Amino acid sequence: MPATGADSGCRVDHTVNKWTGGYTAQIKVTNLGPALSGWRLTWTYTGDQQVTSAWNATVTQTGDSVTAADAGFNRTLATGAAAEFGLQGTWRSADPAPVGFALNGTPCGGGGTVPPTTPPPTTPPPTTPPPTTPPNGADCGSAVICSDFEDQTGPAPSGAWQFTAPDCQGTGTASVDTAVAHSGSRSLRIDGEAGYCNHAFVASTADLSSAGPVVYVRMWVRHTTALPSAHVTFVSLPDTSQGGRSLRVGGQNGALQWNRESDDATLPAQSPVGVALSRPLPTDSWQCLRFAIDTTAPALDTWLGDELVPGLHADGVPTQDIDQQWLARTTPPRPTALRLGWESYGTGDDTLWFDDVTVDSAPVGC
């Protein structure tokens, strides 16, 4: 059915998280007119922003004009109802607020309302302190894993890092890269390929069983392709509480997520609200990804840089659209190994680099 009109306008709430050369935007459009069956929100950029990916809407850009169309499941908007979606993009010289928001051709509040940038949604503070210990290059202390890959001497991973394809192997590859690194002169490179059961990982030979009771993991990761709508994994931790099946960190619907292999539970729940409370993994730049896994309770925290990601937080108390599915399993996790790589479940190629990887029993900082 074609999109119908919004005779009495709309309201737009636009929240930006910006860094040098890139940004994410969370957009909420509220229908103030008659009920809609299908919607299209348009706006104009006044800087040199370029949209690279989106979730919960189909977003296209021509020049400085952008159109976001409903994703099907959210096509119906009753009077007073709202739809939320997000996008990721790049900019070079300027990233001012967009103008001229219109819903199905009708201006939103005379051109759209764009509030000042506000902090992302928050959840109760984690039970563990924010990571504060030094990054690699300093004393690694008693860390179970503390690797900057500078000990790798050949083009293929060796020694403390070994190639593996846990379930089945496809065309994905792993190598030691001497051209791209977060620090030093080497990093771990994964050329991940699409296709069901196309696994390519490099596993640390270290046993994580001695880490804890909270296992703190920190890594720097860089990748080239925005997380797809389909499910992918780039960190896998075999877990004795799942009989050796894995805790997995990856993405779905364009945003970061946790996945539990034994029952396919996700954190956050893959609802529009849940996905919006996660974050994309920005492309073409090094990102500090950290997480804390409690081995005494089904709880964990995840940071992207210095931000505690609200949709990737489980504290033992079920929260709608976030961790109610994750907490269906009450046995605490016990990760025993760390694997870095790429696992596609249908679609999605990506090239990834990992560097400055640490696993410890104490908080680890960027």
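Q: Buried means under 20% relative accessible area, exposed over 50%, and partly exposed in between (1.4 Å probe, protein chains only). What does Arg11 count as?

A: Arg11 counts as partly exposed, because its relative accessibility is 35%. Keep in mind that this is a predicted model: local features need pLDDT of at least 70, side-chain atom pairs count only at pLDDT 80 or more, and totals for chains, interfaces and linings use all residues. Residues are numbered from 1 along each chain as its sequence is written, and side-chain values use heavy atoms, with hydrogens and water left out.

Q: OK. Which side chain does Arg11 meet in a salt bridge?

A: That's Asp13, at 3.8 Å, N to O. A salt bridge here is a side-chain nitrogen of Lys or Arg within 4 Å of a carboxyl oxygen of Asp or Glu. Asp13 is partly exposed, at 24% relative accessible area.

Q: How many salt bridges does the structure hold?

A: There are 9. One of them joins Glu343 to Arg248, with the closest N and O atoms 3.7 Å apart. Glu343 lies in strand β25 (residues 339-344) and Arg248 in strand β19 (residues 246-252), so the pair ties together parts 95 residues apart in sequence. Strands (E, at least two residues) and helices (H or I, at least four) are DSSP runs, numbered from the N terminus.

Q: Are Glu343 and Arg248 buried or exposed?

A: Glu343 is buried at 5% relative accessible area, and Arg248 counts as buried at 7%.

Q: Which residues are linked in a network of salt bridges?

A: Asp177, Arg189 and Asp191. Within that group, Arg189 and Asp177 have their closest N and O atoms 3.8 Å apart. Asp177 counts as buried at 10%, while Arg189 is partly exposed at 26%.

Q: Switching topic: what's Ser236 in contact with?

A: Leaving aside neighbours within four places in sequence, Ser236 is in contact (heavy atoms within 4.5 Å) with Phe201, Ser246, Leu247, Ala337, Leu338 and Arg339. Ser236 sits in strand β18 (residues 232-238) and is buried at 3%.

Q: And which side chain does the Ser236 side chain make a polar contact with?

A: Ser246's, at 3.0 Å. A polar contact is a pair of N or O atoms within 3.5 Å; within protein, one must be able to donate a hydrogen and the other to accept it, and residues adjacent in sequence count only if both atoms are side-chain atoms.

Q: Last one: what order does the open sheet of 5 strands have?

A: The order is β6-β7-β4-β10-β11, with antiparallel pairing. Its edge strands are β6 (57-62) and β11 (106-107), each pairing on one side only. Two strands pair if DSSP finds at least two bridges between them.
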